[in-house]
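Dear colleague,

I am passing on a structure that I would like you to look over when you have time. The sequence and coordinates come first, and my notes come after them.

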Amino acid sequence: MTEVHYEQGVIDRFEGEYAVILVGQAQRPLDVARAILPPTAREGDWLRIQFVDHQVKAVELDPETTAAVRRRIQAKLARLRRGEHLRGDG
Amino acid sequence: MSRQTSCSFCGALLQPSARFCSMCGKRLARPRFRLTCGSLLISLIGFILLCSVLNAILPGNTATSSTSRQDRPQSAAMTASSNSSFVTQPQPAPTTQPASPKPTIPHNDTAIAGKQFLEVHVIDVGQGDSILIRTPEGKTALIDGGYDNGLALAYLRAQGINHIDVMVASHPHADHIGGLVEVLNALPVGGFWTSGASHTTGTYERLLDAIDAAKVPYYEVQRGDTIPLGRLTFEVLHSDPNAYELNNTSVVLRLKYGNVSFLFTGDAEQAAEQEMLATVRNQLRATILKVAHHGSHTSSSDQFLAAVQPAIAIYSAGRNNNYGHPHRKTIQALQRIGATVYGTDEHGTIIITTDGVDYHIQTGYDRPPVAYPGSPAIAPSDNTPQRDRDCSDFATQAEAQAFFLANGGPARDPHRLDGDGDGIACEHLP
């Protein structure tokens, strides 16, 4: 009986022939052969990962999530840069 | 029948014979030896006898790797030829003496020796980087924190660290910032410094959230800036938020304490090294180099190492990591320039203690420095208490096994007789 499930992940970095993907809410690091990824995949791209029997079977880019997370993070970074988090009740 | 096991800490898939998780670096709980009281007693008696014999044979304390001004080939020419600053770079003869797990300098106890010690701890956090710095005046800096596997915070707690004055994220990869999130959530932090390069990972977002929640001042630095650490300062030799690859955004720092200097390189690769050679070449010299990017061959170019001229090179890498870190080519390049090499995968946490003149290296595991055959010999090893053995030194497996167990068994294996980590040394021997 094969078990199939999907998880979100994000490419943290490339190390030689591997992409290191942080998977799920826990951001669990997972080494995936670079060849499995779409050739345009870059550091910071969010992915939809198909696992079959807990092995990575297929990976596709999730540009909507990437863009949404990038916007959210840039807003948080801007707040730190302006020092807004140091003032008031936060 | 091939099967895989998984790490109970992070879930990474591992070879069944693995003793350490290649991802998070934690020791896997798989006891292989049941010690009876009798065998424990016999081992203890044997150990005491061995110690007393060694004590009688060896003059003084040879179990620690330290250099002193007296040991060094000192010459007036060397002092005179030091570059623009008044600092003389110590050029100690490399030593192959294995470092001891026991400190010879009382830990941070400056009163006893009447000296002021700076400590740099390259913490064994598995695959990742984390470096703790303690100054004589009690200031603390943490450069990177490894993955969010709890190891950096646990180490700080074990060292009695209750605050971090200066926290630096060299760059936003998870094997450098994950543990910083845990430290930010647990200890007061005086300020956070980085290049300003951002990432889109959940781990990076948690870092920003933790800085925000703890109300820690956030600073972005450029080459030429300094970061104050009490009376000392870090010089920023590289920091490029716009580099194409995040590794090359790495904040590279130099810290000088008297005549002893440190270069912390993050994961800076050859592109960043070329920029530093073009802009700050004459500031790169350092006694002790934290080797960039876990010893990857994509860093540590010959020109860069020639400009740094380190006496000691230390990399941080996870045991049996998937990436081949450290790469043989890097270790050989470091040996060629005369550096003595230590790594967290081989030596555990590595602590350098210095009074600004001499320095002392203490390692978690008692092993000789990292070296590959085929490279220049790093030093004569006449005073090495015990030379490195390999399986060809033994006639039978039983003989090898006895030696292996007498030297700490699977937990230490300083001679690496048990390559696959199954507790049986030199399996191919009769």
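This is a predicted model: local features need pLDDT of at least 70, side-chain atom pairs count only at pLDDT 80 or more; totals for chains, interfaces and linings use all residues.

In chain B, the domain assignment gives domain 1 as 1–28, domain 2 as 117–372 and domain 3 as 388–430. Between domain 1 of chain B and domain 2 of chain B, the C-alpha centres are 26 Å apart.

Turning to the interface, 35 residues of chain B are in contact with 35 residues of chain A, and the area buried between the two chains comes to about 3,000 Å², with carbon and sulfur atoms giving 49% of that area.

As for polar pairing, there are 23 residue pairs in polar contact between chain B and chain A, both residues of each pair being at pLDDT 80 or more.

On the side of chain B that touches chain A, at least two residues are supplied by each of α5 (174–186), α6 (202–213) and β9 (218–220) of chain B, and the largest share, nine residues, comes from α6(B). Sorted by class, this side of chain B has 15 nonpolar, 11 polar and nine charged residues.

With best wishes

Terms used
Residues are numbered from 1 along each chain as its sequence is written. Chains are lettered from A and ligands numbered from 1 in the order in which they are written. Side-chain values use heavy atoms; hydrogens and water are left out. Domain bounds come from an automatic or database domain assignment. Contact means heavy atoms within 4.5 Å. Buried area is the accessible area (1.4 Å probe) that two parts lose on being put together, summed over both. A polar contact is a pair of N or O atoms within 3.5 Å; within protein, one must be able to donate a hydrogen and the other to accept it, and residues adjacent in sequence count only if both atoms are side-chain atoms. Helices (H or I, at least four residues) and strands (E, at least two) are DSSP runs, numbered from the N terminus. Ala, Val, Leu, Ile, Met, Phe, Trp, Tyr, Cys and Pro count as nonpolar, Asp, Glu, Lys and Arg as charged, and the others, Gly among them, as polar.
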